[in-house]
Structures are given as C-alpha cells and as structure tokens.
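Here is a short briefing on one protein model. Keep the structure open while you read.

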Amino acid sequence: MKHMKLSAVLLSLAMLASSCNMNNTAKGGLIGGSGGAALGGLIGALAGKSKGKSTAIGAAVGAAVGTGAGVLIGRKMDKAKQAAEAANAQAELLTDSEGTQYVKVTFDSGLLFATSSATLSASAKSDIAKFATGLDTDMDLYVIGHTDNTGWKNSTAAESAAKNLTLSKQRAQSVSLYMQQSGIAASQLKEVTGLGQTEPVASNDTEAGRAANRRVEVYILPSKAMIESANAGTLK
C-alpha cells in the first residue's frame with residue numbers, strides 16, 4: 001500500500017474544498033476549463049499548516065483533464081456520493097482550486113464501533129460492504145480516523161492524546177481492511193491512518209460536538225487511470 005503524507009492531504013482538501021450546490025455531472029463541465037488544468041495532485045502540496053498555498057488535485061497524478069473529460073469524471077463522483085449515502089454515511093461533493101471534483105465521506109464512529117473499540121459492528125460491516133461495492137476500481141481512496149479529546153481512565157492528558165491517536169489509526173485500518181474484503185483493491189488505498197483528536201470539526205465542550213469529532217473519513221479522488229480514460233472518451 002502506498003503511503004503519503006496525510007497532513008498534506010487533509011490540509012490541501014480543507015483549504016481547497018467547497019461544497020457544490022449543483023450536481024457533480026453538471027459541475028464537472030468546469031473541470032479543465034482553465035486551459036486543461038492539472039488534475040489529482042494535492043498530495044505533498046502543503047506542508048504543516050502553511051497558509052496561502054493552493055494546488056490542483058492533478059499535481060500528484062500528473063494528468064491534465066479537458067472539459068469533456070470533466071463531465072465524465074463528474075458522473076463517477078456522483079455515483080460515489082450515492083454509494084456513500086446508501087451506506088448510511090454523510091457525503092459531500094467538493095472541488096479544488098481548479099474546479100476538480102472529489103467526494104468526502106464521513107462515517108460516524110459511534111455507528112461503526114463500540115466505545116474505545118476498533119472492532120466493526122455487524123451493521124457497520126454491512127454498510128461498509130455496500131459502500132465499497134458501489135465504488136469503481138479507478139478511484140483513489142484515503143481513509144482517516146478521528147476521535148474527540150475525551151481522556152482515558154488513569155491517564156494523563158498526554159497519555160490520553162496518544163491513546164486517542166492509536167485508536168483513530170486502528171479504526172481507520174479496520175475500515176480499510178473491510179473495504180478490501182468487500183472488493184476494494186489495496187492499490188486504491190493511498191493512505192490509511194488516524195489523526196486522533198487533532199482535527200476536530202466541532203467543539204469538544206458538548207456531547208454533540210464530541211460525537212461529530214468521532215468519525216472515520218474517506219476521501220474519494222479520480223485516479224490517473226480514470227483521468228486518462230476520461231480524456232480518451234472511454235470512461236463509462
């Protein structure tokens with residue numbers, strides 16, 4: 001499995017992403033509208049918490065996409081979003097700075113695992129299998145686990161943070177392994193890791209906020225093979 005610097009992935013996604021109000025098939029026509037923009041390369045584009053930097057998703061893939069190809073890729077991303085929603089996950093259609101679409105999927109850890117556990121429940125396995133079988137083989141996937149900042153019994157704050165980091169990684173690994181058992185190729189999983197409590201999406205001061213922070217995210221990006229097929233007009 002290929003491993004890449006996850007902080008760069010997430011920070012790039014966070015800085016580049018914006019929700020799409022139209023469906024992705026329509027929005028996909030904007031891909032490559034600015035002179036065949038590079039598609040795919042956000043990996044390694046940002047380091048640490050640098051500000052003011054931006055990249056197209058294509059930099060890492062090294063494949064340019066035209067307007068027609070963007071429409072075809074948009075249809076694929078629509079399908080991926082639908083697969084996530086059918087599996088009881090939240091799904092967002094996002095775009096990078098060049099108009100490239102991808103999908104951010106969020107699974108509620110409370111629906112996947114028991115407290116402090118990385119073992120998938122039976123219902124979680126069913127949902128992940130449904131999600132995996134709805135994805136195409138020419139999509140790149142990034143799986144990231146997150147926790148809230150709740151402390152562990154008889155542990156210092158630092159020890160709890162370390163345990164939360166380990167738990168987030170274990171949960172991401174459990175999801176990725178079951179995705180593979182459900183048909184996803186290991187080569188599609190470009191990053192599988194956890195960030196512990198370091199990337200909250202809500203306040204940890206409330207139960208609702210902590211619940212939102214306990215999650216497993218899957219980012220779905222077009223692979224180089226998808227881009228090349230779309231450019232050739234053969235992507236179905």
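In helix 4, Ala69, Leu72, Ile73, Lys76 and Met77 meet Met226, Ile227, Ala230 and Asn231 of helix 9. Contact here means heavy atoms within 4.5 Å. This is a predicted model: local features need pLDDT of at least 70, side-chain atom pairs count only at pLDDT 80 or more, and totals for chains, interfaces and linings use all residues. Residues are numbered from 1 along each chain as its sequence is written, and side-chain values use heavy atoms, with hydrogens and water left out.

**Overall make-up**

- The protein has nine helices and seven strands. Both are DSSP runs numbered from the N terminus: helices are H or I with at least four residues, strands are E with at least two.
- The protein has 236 residues, and 50% of them count as buried. Buried means under 20% relative accessible area, exposed means over 50%, and partly exposed lies in between (1.4 Å probe, protein chains only).
- Take the contacts between residues at least 6 apart in sequence: 74% of them join residues at least 24 apart.

**Helix 4 and helix 9**

- Helix 9 covers residues 224-231, and its axis comes within 8 Å of the axis of helix 4. The two axes cross at roughly 130°.
- Axes are lines fitted to C-alpha atoms, for helices over the stretch in contact, and angles run from 0 to 180 degrees between N-to-C directions.
- Helix 4 and helix 9 are therefore oblique to each other. Under 35 degrees counts as roughly parallel, over 145 as roughly antiparallel, 65 to 115 as roughly perpendicular, and the rest as oblique.
- The crossing of helix 4 and helix 9 is right-handed. Right-handed means that the near helix is turned clockwise from the far one by less than a right angle; anticlockwise is left-handed.

**Helix 6 and helix 7**

- The axes of helix 6 (residues 122-133) and helix 7 come within 9 Å and cross at roughly 60°. That angle makes helix 6 oblique to helix 7.
- This crossing of helix 6 and helix 7 is right-handed.
- Helix 6 makes the contact through Lys125, Ile128, Ala129, Phe131 and Ala132, and helix 7 through Val175, Tyr178 and Met179.

**Nonpolar cores**

- The largest nonpolar core has 39 residues. Phe131 and Ile220 have the most contacts inside this core.
- Helix 4 (residues 67-86) gives the most to this core, with seven residues.
- A second, separate core has seven residues, including Leu94, Tyr102, Tyr142 and Leu221.
- A nonpolar core is a set of buried Ala, Val, Leu, Ile, Met, Phe, Trp, Tyr and Cys residues joined through side-chain atoms within 4.5 Å.
- In soluble globular proteins, nonpolar side chains tend to be buried together.
- Leaving out residues up to four places away in sequence, isoleucine 220 touches Met77, Ala80, Tyr102, Val103, Val105, Phe131, Leu135, Met139, Asp140 and Leu141.

**Lysine 79**

- Lysine 79 sits in helix 4. Its relative accessible area is 40%, so lysine 79 is partly exposed.
- Lysine 79 and leucine 135 are 56 residues apart in sequence, yet 7.6 Å apart in space, C-alpha to C-alpha.
- Lysine 79 touches Gly134 and Asp136, not counting residues up to four places away in sequence.

- Serine 182 is in the loop between helix 7 (157-181) and strand 6 (189-194). Serine 182 counts as buried because its relative accessibility is 17%.
- A polar atom of the serine 182 side chain lies 2.9 Å from the backbone oxygen of tyrosine 178.
- Beyond residues up to four places away in sequence, serine 182 touches Ala129, Ala132 and Thr133.
- Threonine 198 is in the loop between strand 6 and helix 8 (207-213). Threonine 198 counts as exposed because its relative accessibility is 53%.
- A polar atom of the threonine 198 side chain lies 2.7 Å from the backbone oxygen of leucine 195.

**Positive phi**

- Serine 116 is not a glycine, but has a positive phi of about 65°. Serine 116 is in the loop between helix 5 (109-112) and helix 6.
- Asparagine 154 also has a positive phi, near 60°. Asparagine 154 lies in the loop between strand 5 (139-146) and helix 7, and counts as exposed at 75% relative accessibility.

Definitions and conventions
Polar contact = N/O pair within 3.5 Å; in protein donor to acceptor, adjacent residues only side chain to side chain.
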